[in-house]
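Visitor: I'm new to reading protein models. Could you walk me through one, feature by feature?

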Amino acid sequence: MNLDIEHYFIEKGNGYPLILLHGNGENCEYFEGQMDELSDSFHVYAIDTRGHGKTPRGERPFTIRQFADDLLGFMDAHQIVKAHLLGFSDGGNIAMVFAMTYPERVNRLILNGANLDAGGVKRKIQIPIEIGYRIARCFAGRSESAKRKAEMLGLMVNDPNVKPEELVAIQAKTMVIAGTNDMIKEGHTRLIADSIPDAELVFLEGDHFIANKCPQEFNRAVRAFLTLTSLG
């Protein structure tokens, strides 16, 4: 797939490819607590999503589904036939859509703090996001920064809009992992896990940012899941 952008990324280690996908408004440095730890067993790629970090915005749509297509382009460009995917928040949504759309390219799938739609986010978190989105949209035509903010917030208002029944398309062995005090509703996280065939569900003590704040516990769960069974 030909892209209008070139991703900035950090890679480390050798072994089976493991691609890390950060959340909304972040960059690949979110996974600083995972890169060293996991690179002793895997060839780790941490990518800046389109319009995030050091990856340019480009001209294509700013949507989760476009980001999933971008990931396909990245894998093709780097001759990665198949990989483990670990996605956090919007990165989890990208990984989820990618695994549904390109199941043959995913070995193991880890969804951390992902959501199917805006209804999966606790209202005390989502309401300010929606208000900010509406305000930013009002000024998007006059301000580049407002336009960018509207695009970012729009990802959390309009995307990914995946129906639970669509998750049966995921063929990869999957772990759904979230914090006990996550911004994603616990019932919503359980719905995702229940809707993916044979998915594992793990809750770790903490909030939405368990990978960053509790790297030892998070990495232990990730490593156990990725090394539990032989690679397909």
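Visitor: Let me start with one side chain: is glutamate 130 buried or exposed?

Guide: Keep in mind that this is a predicted model. Glutamate 130 has a relative accessibility of 19%, so it counts as buried, since the cut-off for buried is under 20%.

Visitor: Which residue forms a salt bridge with glutamate 130?

Guide: That's arginine 123, and the closest N and O atoms of the two are 3.5 Å apart. Arginine 123 is partly exposed, because its relative accessibility is 40%.

Visitor: How many salt bridges does the structure hold?

Guide: There are 13 of them. One joins lysine 173 to glutamate 200, with 4.0 Å between the closest N and O atoms. Lysine 173 sits in strand 6 and glutamate 200 in strand 7, so this pair ties together parts that are 27 residues apart in sequence. Both ends count as partly exposed: lysine 173 at 29% relative accessibility, glutamate 200 at 26%.

Visitor: What about aspartate 207 and lysine 213: what N to O distance goes with their salt bridge?

Guide: Here it's 2.6 Å. Aspartate 207 is partly exposed at 24%, while lysine 213 is exposed at 53%. Salt bridges can also share partners: Asp4, Arg50, Arg60 and Asp70 are joined that way into one network.

Visitor: Now for helices. How do I describe two that pack together?

Guide: You give the angle between their axes and the distance between the axes. Take helix 2 (residues 64-77) and helix 3 (residues 90-101): their axes come within 8 Å and cross at roughly 70 degrees.

Visitor: Why do helix 2 and helix 3 count as roughly perpendicular?

Guide: Angles of 65 to 115 degrees get that label, and the crossing here is roughly 70 degrees, so helix 2 and helix 3 are roughly perpendicular to each other.

Visitor: Which residues meet there?

Guide: On the helix 2 side they include Phe67, Leu71 and Met75, and on the helix 3 side Ile94, Val97 and Phe98 are among them. By class, this contact has nine nonpolar residues, one polar and two charged.

Visitor: And at what angle do helix 4 and helix 5 cross?

Guide: Helix 4 (residues 123-139) and helix 5 (residues 144-158) cross at roughly 140 degrees, and their axes come within 8 Å. The crossing is left-handed. Among the residues that meet are Ile129, Glu130 and Tyr133 from helix 4, with Ala150, Leu153 and Val157 from helix 5. The contact of helix 4 with helix 5 divides into nine nonpolar, four polar and three charged residues.

Visitor: What should I look for in the backbone?

Guide: Look for exceptions: most residues other than glycine have a negative phi, and most peptide bonds are trans.

Visitor: Which peptide bond is cis here?

Guide: The one from aspartate 159 to proline 160, with omega near -5 degrees. Proline 160 lies in the loop between helix 5 and strand 6.

Visitor: Where is serine 89, and what is its phi?

Guide: Serine 89 has a positive phi of about 60 degrees, although it isn't a glycine. You'll find serine 89 in the loop between strand 4 and helix 3, and at 14% relative accessible area it counts as buried. Aspartate 198 also has a positive phi, near 60 degrees. Aspartate 198 belongs to the loop between helix 6 and strand 7, and with 66% relative accessibility it counts as exposed.

Terms used. Residues numbered from 1 in each chain as written. Predicted model: local features only at pLDDT ≥ 70, side-chain atom pairs only at ≥ 80, totals over all residues. Heavy atoms only, no water. Axes fitted to C-alpha atoms, helices over the stretch in contact; angles between N-to-C directions. Helix = DSSP H or I, 4+ residues; strand = E, 2+ residues; numbered from the N terminus. Left-handed = near helix turned anticlockwise from the far one by under 90°. Contact = heavy atoms within 4.5 Å. Nonpolar A, V, L, I, M, F, W, Y, C, P; charged D, E, K, R; others polar. Salt bridge = Lys/Arg side-chain N within 4 Å of Asp/Glu carboxyl O. Buried < 20%, exposed > 50% of the residue type's maximum accessible area, 1.4 Å probe, protein only. Parallel < 35°, antiparallel > 145°, perpendicular 65-115°, else oblique.
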